[in-house]
Amino acid sequence: MQLFRAVILRLLTTAVTLSGVAVIVFVVIRVVPGNPIAMMLPPGATDEDVARLTALYGLDKSIFRQFLIWAGGVLQGDFGTSITTRQPVLGLVLGRLPATLELSVMALVIATVIGGFAAVTGTRLRGTRSEAAIDVANGMALSVPDFLWGLVLILLFGVLWPVFHISGRVTPSIDLPFTTNFYLIESLVRLRPDLWWDIVSHMLLPALALAIPLAAIIGQVLKQSLKETMHLDYVTLSRTKGYSETHVITREALPNAVLPALTLVGVQFTFLIGGTVIIERLFSYEGLGNMAIDAVINRDLPLIQGIVILFAVIFTGVNLIVDLACAALNPRLRHG
Amino acid sequence: MRNLSARVRGAPDRLLRDVSLSVAPGEVRGLVGESGAGKSMIGKAVLGILPRAVEVLSGEILLEGTDLLRLAPADRRRRIGATCALIPQDPLTALNPSRRIGPQMTDRLVDILGWSRTKAQGRARDLLAEVQITDPDRVLRQYPHELSGGMRQRVLIAAAFAAEPKLIVADEPTTALDVTVQKEVLRLIADMQARHGTALLFVTHDLGVVSKVCQSLTVLYGGLVVEDAALRDFFPAPAHPYARALLAATPKYTDPDTSLVPVPQEVLDGVQAQVVAADRGWRDG
Amino acid sequence: MADGRGQVRRRLGLRLWLSAGWLTLLLLAAVLAPWISPKDPLAQDLFLARLPPFWMDGTEPGYWLGTDSLGRDVLSRILHGARVAMTVALVAGTLTCVIGATLGLLAGFLRGWVDMVISRLTDIWMAFPPVLFSILLIAVIGPGLGAIILAIVVIDWTRFARVVRAEAMAQGAMDYVASAQVAGRGRTGTMLVEVLPNVLPLIVVLLTLEMGIAVIVEAILSFVNLSISTDDPTWGGMIAEGRTSVHQAWWVLVFPLITLFLTVLSFSQLGEGLKDRFDPVLR
C-alpha cells in the first residue's frame, strides 16, 4: 500500500515536471527571432501568403492561446505539423526514436561492461600498482566529456586506423529490407549478420564515446561500494568455503554492491541520453538529437517542441524505472 | 601448527611469534588472549584468509599431515574449503543479504565437493533440524533479514558442519550476542561438536566460555604462546604468571560479586620481557 | 599505509601543479594572443591551404602547426581561440557560480517555500537535455559571446544550487548555527557569517569544474555553428572545420582538440585536487 502511494506520488511529481518543461519550451521558442514562415516560402511571396500560412500554423494568435491549442492536441496525441517537412511531428519523432534508443542502450551496455570489469578488477588487485593505474585511467575518463572522446575516437579508429565508420547509421548504398526503425534488433531478428555488422560498425564509436564517461562513473561508484562490501563477514565466510577471489567478488559481494550504485547510474544514464544530441551530430547519426539540432537551425517550432518533450519524457521515465528497479531488486523491500 | 611467525608487510615487529599449537580430532581447544594478542590472526592463518598486508615469515600449518602453506593458492583454497569451516563472530553480517539461506548453506557442497543439489539440500535440512530449527524447509527458502539474530547464528553453526569438516574455527561466536542467547549458542556448538566429533578451535577472550566448552587451551600474549594446557590442569593452577593473572581477572559465574582484579603490572612487564627476548632470538637467528 | 597515502598525496600535488601550469600558460596566451601569434588568425590564402605542420614535407616557414582549408594559420587561431575559451570560462563560470550558489544557499538555509520553488525548478531543469537546451537558447538569444555566457548561466546554475543546497542544509543542522542564532545573530547574518564560509571550499571546487564545463559548452556551440560569428577563431569552430576535412588535413582537427582536451582535463584535475586539499579526512 505504501509502495503504491509512493508510486502515485512519483507519477504526480513527474507530471508536474513535464508540464513545467512543456511551458518553458513553448514560451522560450516563441521568442525565437527569425520567422519560420518566411523561410518556408519561395522568394517573391506576397504578404498575403505569409499571413495565410501564419494563420494556418496558428502563429497569429497570442502565446497563451497557442499553448492551449498545442497542449490540447498533445493530450490527444497530436504534436502538430513540422514546418520544414510538413509531416506530423509525432511520426517524425517516433521514426527517429529507435535510432537514439538503440545507441543509448548500446552505450549503457558498453559502459556497464567496462565499468563493472574495471571495478571488479580493481577490487581484485587492490593495493597493487595495477589498481592505481585503473584509478588514474578512471579519473581521466571521468574528467573528459563524451564530445571530446568522440573526436578522439574519430581520429583513432576513423583516420589513424580506419576500422569503423565515423558517420551515418548504415552504409547508404545498402538497401534495407526493414519494416521498423530498430535496425540493430531487426537485423538480428531477420538473421542478417552482414547488415548487423554494418550497423554495429557505424554505432560502435558513437556508443563508445557516450559510454566512456559513464563507464568511469560506474567503475568508481561500484568499486567504492564493493570495497565496503568486501569487509563484511559473509564475504570472508565465502572465502573459507574454498571459492576463488574472483568468485567471491562477483557472486557474494557484487550483487549487494550493485544496489547502492544503481540509483546513481540511473541519473547518469539520463545524462548519457542528453549526450546523444551532440554525439549524433558529431557522427552524423540519424537520431533524435541530430534532428533536434536541424530543427533548431531551421526554426521548426513544432518539431523542437515535440523533441524536447520526448527527451523530457525519456529522462523522467528512466528515473522512474530506476527507482522501481531498485525496489524490485532489494529483497528487503520485496518481502518487507 | 608449528613455529608460525607472521608480520605486517614491511613492519619491524612480528604479530605472531613462533606460535605452535595443535588441535586433535574431536578436541575443543580454546585460544585465549586479549585483543591484539593475535588469536584471530591464528584463526585466519589456518583458514587462509589473512589480510593481504600480513605475510607469513616462517612455520607451517599442518592439516592431516599436509603443510597448507606449501600448497599452490588454488589447491590450498580448495583443501581448506573441503576440510575446514568457520563459525563467524557476527551473525548479522555473516549471511549474504541478497541470497536465500538454502544456497548459502549448500553452495560449498555443490561447487567445491561436487555433491548433487538434492543431496546438498537434504543435508542442509537435516542440519537445520539438528540445531533445533522447527521448519527447515521454510528457512531454506528465506532471506537472512527474515530471520532473527539467534536463528541466523544457528544457521551459521549448521552451515559450518555441513561438509563434515575436520576442523572448525569459531571466531568469538558469542561476543555479539546477549548473555542468555550466549549460553544457548555455546551449548549448541558443544552439542554439534560432540555429535560430529569435529576438532574445534575456539577463539575467545573469555576464560569463562573456555571453561564451559573446551578440553584444552592456549593462552597468547603479544603473539607469543605463554600457556598450553589441558583444561583440568589449567583451571586449578595455570603455570604461567600471566595466565594466572588472567584467570584471576575473569569474573566467576559462581560468584559474580567478586571485584575484578586487574592484571598486575609486574606480570605484564614479565611477559613483555619474554616477548622481547623471543624477538631478540628471532633477529639474531 | 602511511607511505602509500604519502605517495598518493604527492601524485595529487603533481597533477594539481601541472593543471595549474597549463591553465596559466593558456591564460597568458589568451591575453598576449595579438602579440605572440605568428600570423593573422583571419588571413585567408588559398595558395597556402592545408599546409602540414612544421615537421612534415611541404610546409611554409612561419606556419608551425599548418593551415586549414582556407589557408589560415592553425597556431594563431588556437592562440586567439584561447581568448574566447578563457573569457567564457572565467565570466560564465563566475556568474553561474554566484547565481547558483546564492539560490542554493537560500534554499538550503531558509527552507520552506523558497526551498520548494527552487527545488522544483531544478527538477524541471534536470529534465532537459543540457546540450539541446543550450542550442535552443542560443537560437533564441542569437549568436555572440554574451549569448553563450548567458546560455551557460541559465543551464548550469542548477549544478551549484543542488550541491550547495544540500551542503547548506547539512551545515544549518549543526549546533554552531543554532548557537549563533541563540547568540542573537539574524538569519541573514548567520547565513553569511556562519554557513557561507563552511560551504565556500565546496563552491570553489564546483567553480573550477564549471569552468571546464563552460569551455566544453562553448566548443560544442561553436561546433554546431551557433557560437559567435563564424569568422572569429574558436576551438569548437576549428574542430568542426577539422572534422569535415579530417581525411585530408588531420592537423586542423588534432591541434585544437589536444588544446581543448588538456584544458578540460586541467580544470577538472584542478577541481579534484582542490577537493582533496579541502577534504579534512584526507588532510
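B:G30 has its bridge partner in β10(B), at B:L217. That pairing belongs to strand β3 (residues 28-32) of chain B, which runs parallel to β10(B) and is joined to it by four bridges. Two strands count as paired if DSSP finds at least two bridges between them. Strands are DSSP runs (E, at least two residues) and helices are runs of H or I with at least four residues, both numbered from the N terminus.

This is a predicted model, in which local features need pLDDT of at least 70 and side-chain atom pairs count only at pLDDT 80 or more, while totals for chains, interfaces and linings use all residues. Residues are numbered from 1 along each chain as its sequence is written, chains are lettered from A and ligands numbered from 1 in the order in which they are written, and side-chain values use heavy atoms, with hydrogens and water left out.

How enclosed is β10(B)? Six of the six residues of the strand (residues 216-221) are buried, so the rest of the structure largely encloses it. Buried means under 20% relative accessible area, exposed means over 50%, and partly exposed lies in between (1.4 Å probe, protein chains only). Both faces are covered. B:S216, B:T218 and B:L220 are buried on one side, and B:L217, B:V219 and B:Y221 on the other.

Next, the cysteines. The structure holds zero disulfides over all chains; the criterion is a pair of cysteine sulfur atoms within 2.5 Å. The sulfur of B:C84 has its closest cysteine sulfur in B:C214, and at 18 Å that is too far for a bond. B:C84 counts as buried because its relative accessibility is 1%. B:C214 is buried as well, at 5%.

Now the packing. A nonpolar core is a set of buried Ala, Val, Leu, Ile, Met, Phe, Trp, Tyr and Cys residues joined through side-chain atoms within 4.5 Å. The largest core has 146 residues, of which A:V21, A:F147, A:L148 and A:I307 touch the most other members. Not counting residues up to four places away in sequence, A:L148 touches C:I216, C:L257, C:L260, C:F261 and C:V264. Apart from that core lies another, of 84 residues, among them B:L16, B:I49, B:M105 and B:L156.

How do the chains meet? Contact means heavy atoms within 4.5 Å. Two pairs of chains touch, and chains A and C make the most contacts. Chain B and chain C share no contact, and their closest C-alpha atoms lie 9 Å apart.

Take chains A and C. Here 49 residues of chain A are in contact with 33 residues of chain C. They bury about 3600 Å² between them, 85% of it on carbon and sulfur atoms. Buried area is the accessible area (1.4 Å probe) that two parts lose on being put together, summed over both. A:F147, A:L148 and A:L155 supply 14% of the area that chain A buries against chain C, more than any other three residues.

The interface of chain B and chain A takes 28 residues from chain B and 23 residues from chain A. It buries about 2200 Å², of which carbon and sulfur atoms give 54%. B:R52, B:R77 and B:H145 supply 24% of what chain B buries against chain A, more than any other three residues. Two salt bridges are found across it. The side chains of A:K241 and B:D107 meet in a salt bridge at 3.2 Å, N to O.

Last, chain A itself. It has 14 helices and zero strands. Its C-alpha atoms fill a box of roughly 85 × 55 × 40 Å along the principal axes. Of its 336 residues, 51% count as buried.

Most residues other than glycine have a negative phi. A:R86, in the loop between α4 (63-75) and α5 (89-124), has a positive phi of about 55°. A:L191, in the loop between α8 (183-189) and α9 (193-230), has a positive phi near 55°. A:L191 is exposed, with a relative accessible area of 70%.

Notes: A salt bridge is a side-chain nitrogen of Lys or Arg within 4 Å of a carboxyl oxygen of Asp or Glu.
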